[in-house]
Every structure is written in structure tokens, then in C-alpha cells.
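I open a new page for this structure.

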Amino acid sequence: MDSVGNLLDRPRQYYNIDGVGELGLGFMGLAVALLQWLQATTPKDAIWHQMYLFIPYWSCMCLVIHYGSKAIKKHVTYPRTGFVEYSKWETRWRPAIVGAVVAIPVTAGLAIALRSHWNLSAPRSFLGLLLAASYIYGFARTVRWKWAVAAILTIGSIAIALLPTDVLSAVARDASLPREISVSVAATLILTFFLYGVTCSMSGGISFWLYLRHTQAPSQEVE
Amino acid sequence: MNPQLRNIADLDRVIHEPGRLMIVALLFAVERSDFLYLLHETGMNKGTLSSHLSKLEEAGYVEIEKTYRGKVPQTLLRLTSAGRKAFEQYRRKLKEAL
């Protein structure tokens, strides 16, 4: 019965057979880190702090990820190892429900913490560990060498949380931040997203290279 | 007859064959896929896969649609609702029997 369970899980694992899932997440991590860094280093009235920039920036990032993944799947993956159409539950409802279940309490908790002026320096490594755990659940379970990537993410997150304040203040400036957010919290978020972005991009890139190396499109019609 | 033995005797023989079980399990988890995907995932050869798919189509468990991806012919496969029901029932009976 376990083998049947594994087979039922295969199509979900197939999505990242070419590393596209990780490349998308890596791109998102880098884009978020870049925007946060721009917000943390430029004056408060700079364009990077404006909502009218935030929405198109976020939309462009999502469009690049969506259409970029689609293009790779269409021109590389489907001709080599086959086409899969996932159910709407897998592609829309499940991610939406999981996202809401995670985002609502996290956002509410963060809002309460900021309003109550709680010291967020201690739990600031939590985000990195959460991202590492989601990486393990999403990718590392399927391919053995990706446990090394998960280890890099975990150790990196802890190392970032242990960085001294003078190192963190080189990443973010106090004058650019809202008064509720300290330099150490802002810098930790930037470095965590940067670490996640770089690591996922590299891991996805290696997967993509290995995929191209070990597969080839059938020379003729398959059936 | 012992109810546990009855469960074993009642197992759907169309699905119980290992090759077809692989196909049905893979298709159960997706909306649809193409022939190449099943070929890649199951490791069967084209002839064997085609023959299993024909048997599943005869049983009304799989729907086969011939189409084109650009100029390349593509065979799309989907588990029918009867196929989904049969697979769920097969899993339940096998679990009970074990």
C-alpha cells in the first residue's frame, strides 16, 4: 500500500523534476529581498516606499514566475518527459487554503507585536526556519541531495540570527525604517530572503542542468 | 466465506494487475496526463503501456483523447469517474484484506 501511496505522490513531485518550482521560489526570494533592501536603505519618501510601486512590482514578479515556469514546461519538460495537468484543487484551492492558514495568523501576530512594541529580535530567526521547513516539505523529501540544501538553509538562518548588530546595520539603515521595525529585524528579513532566494535558485539550476543532461525528447511520435 | 477472504476475492482484477495499478494510481492524482508521462513514470515499453490502456478503456476506467501539440500527435489520458470510484474501492478492499 505504501508503494501505491508513493505513486499517488509522484505527480506532485514531478512538478519540480526540472527544478522549475525551486527556480520560481528562488526568483521570488531574491525579488522580495531586493525590494526590502531598497526600502531599508533609501529615504522614507523614495519611490520604493510607495504603494503604487509595490503593486506593479509584486505583479511583475508573479507574472515572470508564472509565465517563465509555463514556458520552460511547454518547451522543455513536456516534450521530454510528458505533460501533466493538475487538478484545480492541487493548483488553486490547496495553495490558497494553506497560504491563508499560514498568512492570517502570522500577519495578525505581527500586527499585534508591532502595535504592542514587542521586541522581535529574539524570534527573528523563526522566518528562516519556517522557510527551511517548507523547503523540506516541498522539495527535500523527494531528492536525497536536497537535504544538503535544507541543511544550508537551516544553518544559514541560525547564523543570520546570530549576526552582531553592527554587521546588520550595514544592510539596513534606521532612518529608512518605520519606527516599529528595528534595524536588526529588517536586516534579518532581507538576509533570510536573500539566502532563500540564492539557495533555491542554485538548487533549482542544478536540478534543471541534471534534468537536461539525463533526459532527451523522443525522436519521433511517442505512440 | 470468511469476510476477509471475500475482500480478496472481490478485488477488481482490471486494476489489480501491477502495470494497470501503476497507471490508475498515477492518473488518480492528476486531472489528465499524456502517454509520454506514463511511459516515463512507469518504465514500461510503448506496446505494453498501450495494451494496458486499451484494457482500462474497455473497462470504462480511462478516457483516451487523441490530439496535437503543435504538429506533434499527443495522446491525452484521463481517469473517468467510474475509474476513480473503482480505484478508491480497490484501495479500501485491499486495506481491509491486509
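I start with pLDDT, the predictor's confidence in each residue, from 0 to 100. This is a predicted model, so I keep to its thresholds: local features need pLDDT of at least 70, side-chain atom pairs count only at pLDDT 80 or more, and totals for chains, interfaces and linings use all residues. Residues are numbered from 1 along each chain as its sequence is written, while chains are lettered from A and ligands numbered from 1 in the order in which they are written.

**Confidence.** Chain B has a mean pLDDT of 90, with 97% of its residues at 70 or more. Within chain B, helix 5 is highest at 95, and helix 1 (residues 3-9) is lowest at a mean of 72. I took helices (H or I, at least four residues) and strands (E, at least two) as DSSP runs, numbered from the N terminus. For the model I noted ipTM 0.85 and pTM 0.84.

**Contacts.** I counted two residues as in contact if their C-beta atoms, placed from the backbone, lie within 7 Å. On that basis, 25 residues of chain B contact 17 residues of chain A. Helix 4 of chain B gives the most to the side of chain B that touches chain A, with 6 residues.

**Strands.** Two strands pair if DSSP finds at least two bridges between them. Strand 1 (residues 84-85) of chain A runs antiparallel to strand 1 of chain B, joined by 2 bridges. There, Val84(A) stands opposite Ser33(B). Next I looked inside chain B. Ile64(B) has Leu77(B) as its bridge partner. These two strands form a hairpin with 2 residues between them, and Gly70(B) in the turn has a positive phi of about 70°.
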